[in-house]
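Dear colleague,

I am handing over the structure below, and I would be glad if you kept it open while reading the notes that follow.

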Amino acid sequence: MNTVNLQLRITTCVAPDPFIFNYLSNITDDLNNHYKNVIYEVIDREKLTIKKLFETCSTPLLVILHKGIILYTSRDNKIFYHENTTRVKYKAYIAGKDIPPLINLIQDPKVNQQVIIDATMGMANDLTLMALTMTTTTFFAFEENFYIHFAVKWGMLFHFNEINKGGIDISRIHFIYGNITNHIDIFSKANIIYLDPMYEETITTSNIASLRQVTEYNREQNIKLLNTIFKSFKGKIILRAHYKSHLIDDYGFNMTIRKQSKTHYGYRYHQLDN
Ligand SMILES: C[S@@+](CC[C@H](N)C(=O)[O-])C[C@H]1O[C@@H](n2cnc3c(N)ncnc32)[C@H](O)[C@@H]1O
């Protein structure tokens, strides 16, 4: 349960129309029904700039636009869903040129792929790739940071309902706000769990840079996450980690080395019955 009260402001583009007001109403309904710890305020945008809106108040600001939904966590940092390089990776996969390492590890005849848990959703690039590729799989996507969770959830809903309609049947994804270690009942639903925890080494992609403004590396928390999974989950555990991460040796993951990248993917089977 999330008990700490969080603040959020919501506004629209400068010239909102019924389409925008419909999203505003859906978003506030969602907050009223599912996020009791979030105190929000709807702000009339008028002709105010984002800079102006942050002059007297530092509360994060969700902006509903015709091109998508953007969450400003501060005047200079925004979180918004975008497909990033996922579409390119997916096209290469479809063309038979390249199987992304994560997909290669998932498409494993030893494990049932009907339900997959993404324990650390972040900007959902990996989730998008998995959902594009595994077209009948159901996903449970956990994110413990409310602002990342909410911006990415609504960003993905908007993207796949309005911009890339039907690119992913978004009803296959269950977005869950919270730390997965508080939701261990979910473990029994899946045979595959994917983890991409924050790492301590500085990685300079713009995606991670905006995440780092609101969430940070926490060694103890990563250990708790791995310990909980090894205690309660049965199946294939897939890890993405920096090549220097202590998690690789501490938990005995078999990593595939990628020469071009500092982050590698690996796996372990854990108490898999077959
Ligand atoms: C490196 S990012 C994940 C990036 C993601 N794979 C992607 O494709 O965008 C790690 C994210 O996991 C979240 N996180 C870390 N530990 C978590 C936990 N135990 N439960 C839920 N979310 C967690 C962090 O808040 C952060 O947003």
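Please bear in mind throughout that the model is a predicted one. The end C-alpha atoms of α6 are 24 Å apart, which agrees with the 26 Å that its 18 residues should span at 1.5 Å a residue. The N-terminal end of α6 is capped by N145, a side-chain oxygen of which lies 2.9 Å from the backbone nitrogen of Y147.

Two histidines in this helix deserve a separate look. H149 lies in α6 and is buried, with a relative accessible area of 0%. Its side chain makes a polar contact of 2.6 Å with the side chain of Y35, and, once neighbours within four places in sequence are left aside, the residues in contact with H149 are Y35, M121, E143, F175, I176 and Y177. H159 also lies in α6, and with a relative accessibility of 14% it counts as buried. The side chains of H159 and E83 are joined by a polar contact of 2.8 Å, and H159 touches Y81, E83, N164 and K165 when residues up to four places away in sequence are not counted.

**The β-α-β unit**

Together with β7 and β8, helix α6 makes a right-handed β-α-β unit. The two strands run parallel, and five bridges join β7 (residues 138-143) to β8; within this pairing, F140 stands opposite H174 of β8. Strand β8 (residues 173-177) is mostly covered, four of its five residues being buried.

G122 belongs to the loop between β6 (115-118) and α5 (125-133), and at 10% relative accessibility it counts as buried. The C-alpha atoms of G122 and A141 are separated by 9.2 Å, although the two residues are 19 residues apart along the chain. Apart from its neighbours within four places in sequence, G122 is in contact with E143, I148, V152 and L211.

Helix α1 (residues 18-34) has 17 residues and reaches 24 Å from its first C-alpha to its last, close to the 24 Å expected at 1.5 Å a residue. Which residues of α1 are buried? They are I20, Y23, L24, I27, T28, D30 and L31, and because they cover an arc of only 155 degrees around the axis, they are placed on the same side of α1. An α-helix has 3.6 residues a turn, so residues three or four places apart point the same way. The exposed residues P18 and N33 are carried by the face of α1 that is turned away from its buried side. The cover over the buried residues of α1 includes the strands β1 (6-12), β2 (38-42), β3 (61-65) and β4 (68-74), and also α6 (146-163).

For helix α8 (residues 219-232), the end C-alpha atoms are 20 Å apart, which agrees with the 20 Å that its 14 residues should span at 1.5 Å a residue. Its N-terminal end is capped by N218, with a side-chain oxygen lying 3.1 Å from the backbone nitrogen of E220. In α8 the buried residues are N222, L225, L226, T228, I229 and F230, and what these pack against is β9 (192-195), β10 (235-242), α9 (246-250) and β12 (263-270).

**Two residues with positive phi**

Most residues other than glycine have a negative phi. E46, which is not a glycine, has a positive phi of about 50 degrees, and its place is in the loop between β2 and α2 (50-53). N84, likewise a residue other than glycine, has a positive phi near 55 degrees; it is found in the loop between β5 (77-80) and α3 (86-94), where it is partly exposed, with a relative accessible area of 41%.

With best regards

Note on methods: Residues numbered from 1 in each chain as written. Predicted model: local features only at pLDDT ≥ 70, side-chain atom pairs only at ≥ 80, totals over all residues. Heavy atoms only, no water. Expected span 1.5 Å × (residues − 1). Buried < 20%, exposed > 50% of the residue type's maximum accessible area, 1.4 Å probe, protein only. Arc of directions from axis to C-beta. Contact = heavy atoms within 4.5 Å. Polar contact = N/O pair within 3.5 Å; in protein donor to acceptor, adjacent residues only side chain to side chain. Pairing = 2+ DSSP bridges. Right-handed = clockwise from strand over helix to strand, strands pointing away.
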